[in-house]
Structure formats: structure tokens, C-alpha cells
Amino acid sequence: MKRPAAFFLSLLVFAAGALLGAPAQAQDAASPEPPRLRLDLDQLNPRVITTSTTTLTVSGTVTNIGDRRIARPQVRLQVGEHLTGDRELKGVLAGEPIQDSPLTDFTTLTETLEPGQTAKLAVTVPLTGKSALQLSRPGVYPMLVNVNGTPEFGGPARLAAVSLLMPVLSAPGKPTSPGKHADVSVLWPITDSSPHVLSSPYGGRLTLTDDTLAAELSPNGRLQSLVTAARAAQQSDPNVGESLCFAVDPDLLRTVNAMAGGYVVAGAPGKGSQLAQDWLAQLRTLVNGRCVIALPFADADLTTLGKVRSATGTPDTGLLSTALSGEATIRDLLHTQPRPGVLWPDGTPDDQALTAMSAAGVHTVLTDGSKLQADAPVTGPVSLPGGLRAQPIDSVIAGAMTGSAPNPQTATTVGAATQPAIASQNGLAAIAFEAGLGRTGTEPGTQLLVAPPRRWDVPVGELTAFLQHVGQFLGPGGVATATPLSDLLDQNASGTASFAAGTHDQPLSGGGDVADALTDLDGQAAGLLSAMRMDTTHRVPPEDIVAPVRTALVRGASTAYRVPSGSTAGANADAELAAIRDQVTVEQPKQTIALASGSSPLPVFVSNGLPVGITAQIALKNEVGIRPEQVQNWFIPAKGGQNELLQIEALRAGRLSVDVSLTTPEGTQLGSTARFELTSTEYGPITIIITVVAGCALLLLASRRIYRRVKEGRAARAESR
């Protein structure tokens with residue numbers, strides 16, 4: 001080859017490499033492309049493989065959520081080796097890639113899938129022969145539902161996948177018994193998805209922000225499903241009934257009880273009164289004679305509440321006391337006694353919250369075991385500083401049931417957090433794993449406290465299936481023994497521990513901002529309370545009037561607010577304050593007020609709809625042309641009104657206007673502002689005096705100037721002579 005030709009060819013190869021290599025490097029550095037397909041599973045049968053299992057069925061749908069046609073989408077099932085350690089299990093739950101092998105061949109779903117189209121997915125695997133060999137021993141196996149396809153303008157690739165765990169109690173066709181190694185208790189959370197109360201003033205009707213709580217109480221609603229599934233499980237399987245303990249939010253009970261008496265949404269009657277009555281009756285029947293424990297009121301974040309400051313700048317410990325006093329509400333509304341002194345708070349309580357718990361009579365805290373720091377792994381009850389006792393909740397099972405977001409390394413794999421049914425399946429597998437179906441070294445008598453997500457939102461069929469398979473673990477041939485929570489709580493602490501430093505990862509990530517907003521509202525409530533006085537006729541303590549505001553402040557710290565803000569957290573308290581303030585107001589005059597003189601008093605009629613007397617101050621704004629007298633305190637009696645004469649002085653004649661409002665002596669606003677239209681034909685005495693003095697001064701200066709001019713004129717004439 002000639003030298004120019006060789007040089008040209010080398011240059012061409014170099015250029016091609018640069019052009020083709022650069023995009024590849026850029027693509028590696030960039031974030032993965034979003035998935036083009038959405039994979040939704042609606043059936044996995046069975047959930048647990050046993051000796052009698054002959055087939056495994058997976059069904060669902062695949063939807064093209066991209067902007068390109070997908071050619072020949074195909075599905076197959078893949079399975080990995082059984083898991084033997086926590087690290088492997090947590091890796092699968094986090095969506096990390098695993099080494100697996102095909103359980104089936106690829107099956108074509110459809111020839112093409114246009115953007116927006118959906119195709120059915122259904123795979124049935126006979127668990128015989130080679131397939132059975134891949135599940136040949138008891139354990140927990142990672143399984144992958146893998147969908148491949150060819151996008152338009154692209155090559156074949158994995159486009160969607162679901163990773164889940166499959167417990168195998170015994171290999172298909174091979175009767176074996178894994179043995180029972182653990183004592184299992186299950187918490188069943190009965191909590192609201194979020195606080196829905198807008199206001200519930202003293203003597204007034206409950207007002208909700210929306211009617212979604214009624215939807216949750218309706219058939220197939222979230223709260224109704226929790227009750228229905230638990231009732232069915234208790235009736236069909238005594239082992240499940242023995243293992244269940246109901247964790248109840250007192251605020252939810254109070255709200256539903258108030259709904260049963262009638263409530264308002266957006267000014268119209270709510271539609272869920274009968275639903276509230278029926279659900280509350282069903283819940284009473286469900287928990288009758290069963291284990292019940294309390295959650296903090298409104299499932300409040302106790303650490304955030306401890307940051308709310310009173311008017312003196314010290315922590316408002318009364319809010320923590322309110323949050324910790326829910327046992328009486330449960331006893332009164334469910335007609336059953338909750339386990340005294342046991343609390344399941346969310347997040348990680350700080351030292352102040354722990355002190356408040358102890359002062360409120362709490363002696364046992366249920367908490368995620370991963371948040372406890374000790375010399376040895378915490379597997380049972382331990383003592384905390386300050387005399388409290390911690391009962392650990394299994395963190396591996398809790399993490400599996402909560403689910404994780406999609407892993408960036410496997411962007412096409414569906415995260416369990418986005419499909420609760422997958423998370424509940426993984427939770428079942430994690431229970432089996434922790435009970436000894438894979439974990440090496442699990443000793444008989446190991447305690448497992450299982451806690452689903454506090455606001456578990458899955459269909460009733462999924463809840464029922466979960467409890468049925470928990471019963472399968474607890475029955476003959478299972479891996480665990482049903483144990484009442486009381487048995488765990490009655491055991492002595494086996495060591496000491498503390499909440500690990502750096503684990504104060506409160507659900508209220510903006511807890512400081514929320515605490516500041518609640519502190520401001522708390523100050524307004526304190527200002528109202530200090531201005532109130534009990535009326536001898538109505539005999540209503542002022543504390544009862546302000547109590548709904550205090551309750552609303554606790555709701556403002558609810559852990560249901562995952563992305564909190566001051567306005568969100570304080571909406572309920574602000575509405576409760578408004579319901580009080582609006583009952584003490586200045587009446588708007590119906591006509592213009594004519595001032596009889598420049599210093600006439602201004603008649604102001606103040607009405608008070610509260611059953612307590614209140615001290616207020618009349619404040620003027622936009623008082624151009626008017627000078628008010630020094631501010632005075634006025635006492636307005638309960639359930640009445642009276643005229644107050646506010647001494648003012650008109651600074652000019654003509655038409656005047658002024659805004660009149662009320663505040664407490666502490667500065668808390670009352671009622672709404674009223675516009676007063678005035679007319680004045682005279683000036684006040686001070687104005688007249690000032691005018692006369694100014695006139696005299698002007699006359700004196702003018703006279704002096706005239707005198708000087710006359711004197712200067714005479715002098716000029718004398719010089720001219």
C-alpha cells in the first residue's frame with residue numbers, strides 16, 4: 001500500500017473510533033434510560049412452595065410506557081440459588097443483580113406492542129423434572145420475572161423485570177420438615193393514612209379536609225380491608241389469632257367516632273357517618289379479648305413535638321403528654337384495655353422523648369432492632385437508659401415489607417415499594433428466612449416480632465393471603481410457633497442497649513421547620529388562653545376551648561407527613577385557632593358614623609360567641625386623620641356583646657375611615673377587621689389648640705416682619721435728607 005493511502009486509512013480508522021467511542025463513554029457516564037415497559041403482577045400462585053406443589057403460576061400485564069414500538073416482547077422466569085445470609089437477602093431486596101438460571105424458556109407475549117398498549121402475561125411452570133431440581137431443598141430463593149423485547153431503532157434487551165423472593169418449605173414431591181426455630185408475633189397496624197381533621201372546635205361539628213377517610217372505611221377500603229382480613233384469619237386459623245396484636249392510633253378512633261355523629265366536608269354533610277359507625281363496631285368485635293397496644297396520638301413524631309417551644313422558650317411538654325395519653329381513648333371507644341405501658345413510636349425517639357415516655361408511664365418501647373446499639377446483636381428485649389425496655393422489631397422483615405425504590409443499577413427492575421403485593425410476598429419470604437428457612441445458626445425459641453408498614457395499603461385479597469401463609473408457617477410442617485406478644489413483653493431484658501448515634505432519621509425530614517411553625521401556633525393558643533376567664537353561668541374551663549388547638553398541634557407532627565412543611569403541619573391548628581378567634585369580633589357598622597365633636601368617642605360593638613369571657617384590646621389601623629387614645633383592655637362577657645366607647649380625636653374635618661380590629665393583650669388576633677366610615681365637622685381640642693398656637697406664631701412672625709420693613713423705610717428716608 002502506498003504511503004498516502006496508508007496514512008489516509010489510518011486517519012479514517014482513528015476518526016471512526018473517536019466518533020463511535022465517544023458516545024459509548026458518554027452513555028456509560030449518563031444515568032440509565034428509564035424503563036420502556038411497565039410490568040404489573042396480579043397473581044403469584046402459590047406464595048409458598050411445599051411438597052404438594054405441582055405448578056407455579058405467574059400472571060399480570062405488560063404495558064408500553066415509552067414512545068417506541070416494542071417488537072416481540074417475551075417473558076421467562078429465572079431463579080437463583082437459595083439464600084444463606086443477611087447480606088444476600090438484603091441485596092435481593094435492594095434490587096441488586098443476582099446470578100440466576102432460567103426456570104422456563106422465553107414465551108412471546110405478542111408480536112408488537114405499540115406505545116400505550118398492554119399485553120397479558122401468564123406463565124405456568126410444572127414443578128417436575130429439571131424445574132423441581134432447581135428448588136430441591138427448603139430455603140428462600142430469589143426469583144425474577146424477566147421481560148425482553150426489541151425497541152424500534154434498537155436491539156434486543158431486558159425491558160422490564162420483577163424481582164421477588166420465594167420460600168420453599170419443602171421441595172416439590174419430597175416431604176421434609178424444616179423444623180420450628182422461632183416464636184412469631186405479628187403487629188397489625190390500624191392507623192389513618194394521614195390526619196384528615198380540618199377543625200373540631202369545642203361545641204362545634206367535625207369538619208374534614210376531604211372524604212377520603214370515608215373511602216377507607218367503605219367495603220374494600222384500606223381500613224375496612226385490614227379489619228376484614230384479620231377477622232377472617234382469626235376465625236379460620238387459631239394460630240394466626242394467637243400471634244396477632246393490634247396497634248391502634250387513638251386519633252383515628254376519635255375521628256371515626258366523631259364522624260359517626262355527623263360531619264362536614266367543604267361545607268356539605270359528609271357521606272361516611274354510617275360507614276364510621278359500622279367500622280367502629282366491627283373493630284370493637286375484632287379486638288375484643290385480643291392483644292391491643294397504643295400508637296402515639298396521630299402517630300406523632302415525638303422528637304419533633306419535643307422541639308415545640310412554649311411562650312417562655314422552654315419545651316412544651318404538654319404536647320408530648322397529649323401524644324402519649326392514648327390508652328384511655330382506646331379503652332373508652334373500643335371497650336377493651338390496651339396493654340398498659342407499651343408504645344410503638346415511629347422513627348427514633350431522642351432522649352427528651354424517652355424521658356417523656358417514662359414520665360407518662362411507658363415502660364416498653366417497640367422499635368426497629370437496627371436502631372439499637374449494643375455489645376452483641378439485639379435479638380430479644382433489652383434495657384434502655386432511664387429504665388425503659390426495648391422490644392426489637394425484626395428489621396429484615398420490616399425492610400422487606402416496606403420495599404425499596406428501584407435500584408439505579410437495574411433501572412428496569414420494578415421496586416417493591418411501587419408494588420405492595422411484591423413487598424408482602426417478600427415479607428412472607430423474610431419471615432420464613434428469619435425463622436430458620438435459610439439463616440444458619442437460628443436457635444429454637446428465637447423471638448420474631450413482625451411489623452408491616454404502619455400505613456399498609458394493599459387489597460383485602462393480598463392481606464388475606466398474607467395472613468393465610470403466615471398461618472402456614474405457624475401450623476404443622478411450618479417453621480415457627482405462634483406466640484402472643486404478651487409472652488415477649490413478659491420476658492426479662494437480656495442486656496442493655498441504646499439508640500444508636502446518628503439514627504435519628506425522623507420521618508419528618510423537615511422536623512425543624514415543622515417545629516418552628518407549631519411553636520408559632522402554640523404561642524397564639526397560649527395568648528388566647530391567657531385572655532380567657534371562666535364564666536360563672538356556663539362554667540366551661542378555658543382549657544377546654546383551647547384543647548382542640550393543642551390536639552391539632554400534635555396532629556401537625558404526624559409521621560404521615562412524609563414531606564412536611566409548616567403550612568401542611570399547621571393547617572389543622574390554624575383552622576382551630578380561627579374557629580375560636582372568629583367568635584370574638586367587631587360588628588361592622590351599617591351606616592356612616594357622624595362624630596358629634598372633634599373629640600367624640602367612637603362606639604364599637606364587640607360580640608363574643610364563646611362560653612367564656614375574654615379580655616381584648618381594640619386596635620385601629622389606617623387611621624389617617626384620627627388619633628386614638630392609649631390602648632385599653634376591655635372585658636367582653638361570655639355569649640354576649642357590648643358597646644365600647646373608644647376615645648378618638650379627629651385631626652381634620654370631612655369624611656374619614658378607619659379599620660377596627662381586636663387582639664388579646666398578648667397580641668393574638670381576634671375576629672375579622674371592620675371598616676368604620678366617619679364624618680367630622682369639628683376638630684378636637686388638641687387640634688384647635690395646635691391650630692391657635694400656630695396661628696399666633698404666624699401672626700407674630702408677620703408683625704415682626706412688617707415692623708422691620710417700616711423701620712428700614714424710615715431709616716432710608718432719613719439718610720436721603
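Here is a short tour of this predicted model, stop by stop, for you to follow in your viewer.

Residues are numbered from 1 along each chain as its sequence is written. Local features need pLDDT of at least 70, side-chain atom pairs count only at pLDDT 80 or more, totals for chains, interfaces and linings use all residues, and side-chain values use heavy atoms, with hydrogens and water left out.

**Stop one: a ring cluster**

Select Trp 188, Trp 456 and Phe 466, which ring pairs link into a cluster. Two aromatic pairs turn up in a search of the whole structure. Rings of Phe, Tyr and Trp (its six-membered ring) pair if their centres lie within 6.5 Å; planes under 30 degrees apart are stacked, over 60 edge-to-face, and the rest tilted. Trp 188 and Trp 456 have ring centres 5.6 Å apart and planes at 75°, so this pair is edge-to-face. It ties together distant parts of the chain, 268 residues apart: Trp 188 sits in strand 10 (residues 182-190), and Trp 456 in the loop between strand 23 (446-450) and helix 15 (460-474). Helices (H or I, at least four residues) and strands (E, at least two) are DSSP runs, numbered from the N terminus.

Are Trp 456 and Phe 466 buried or exposed? Both are buried, as is Trp 188. Buried means under 20% relative accessible area, exposed over 50%, and partly exposed in between (1.4 Å probe, protein chains only).

**Stop two: arginines over rings**

Pick Arg 454 and Trp 344: the arginine lies over the ring's face, 4.4 Å from the ring centre. Then try Arg 533, which lies over the face of Phe 635 at 4.2 Å from the ring centre. A charge sits over a ring if NZ of Lys or CZ of Arg is within 6 Å of the ring centre and within 35 degrees of the ring normal.

**Stop three: the start of helix 7**

Select residues 250-260 for helix 7, whose buried residues include Leu 252, Leu 253, Val 256 and Met 259. What caps the N-terminal end of this helix? Asp 249 does, with a side-chain oxygen 3.0 Å from the backbone nitrogen of Asp 251. After the helix comes Gly 262, with a positive phi near 105°.

**Stop four: a buried serine**

Ser 170 is in the loop between strand 9 (157-168) and strand 10. Its relative accessibility is 4%, so it counts as buried. Its side chain makes a polar contact of 2.6 Å with that of Thr 51. A polar contact is a pair of N or O atoms within 3.5 Å; within protein, one must be able to donate a hydrogen and the other to accept it, and residues adjacent in sequence count only if both atoms are side-chain atoms.

Most residues other than glycine have a negative phi, and most peptide bonds are trans. Look at the bond from Asn 45 to Pro 46: it is cis, with omega near 5°. Pro 46 lies in the loop between strand 1 (37-45) and strand 2 (55-64).

Next, go to Arg 539, in the loop between strand 26 (532-534) and helix 18 (542-555). This residue is not a glycine, yet its phi is positive, about 50°. With 56% relative accessibility, Arg 539 counts as exposed. Finish at Lys 639, where phi is also positive, near 50°; you'll find Lys 639 in the loop between strand 32 (633-636) and strand 33 (640-650).
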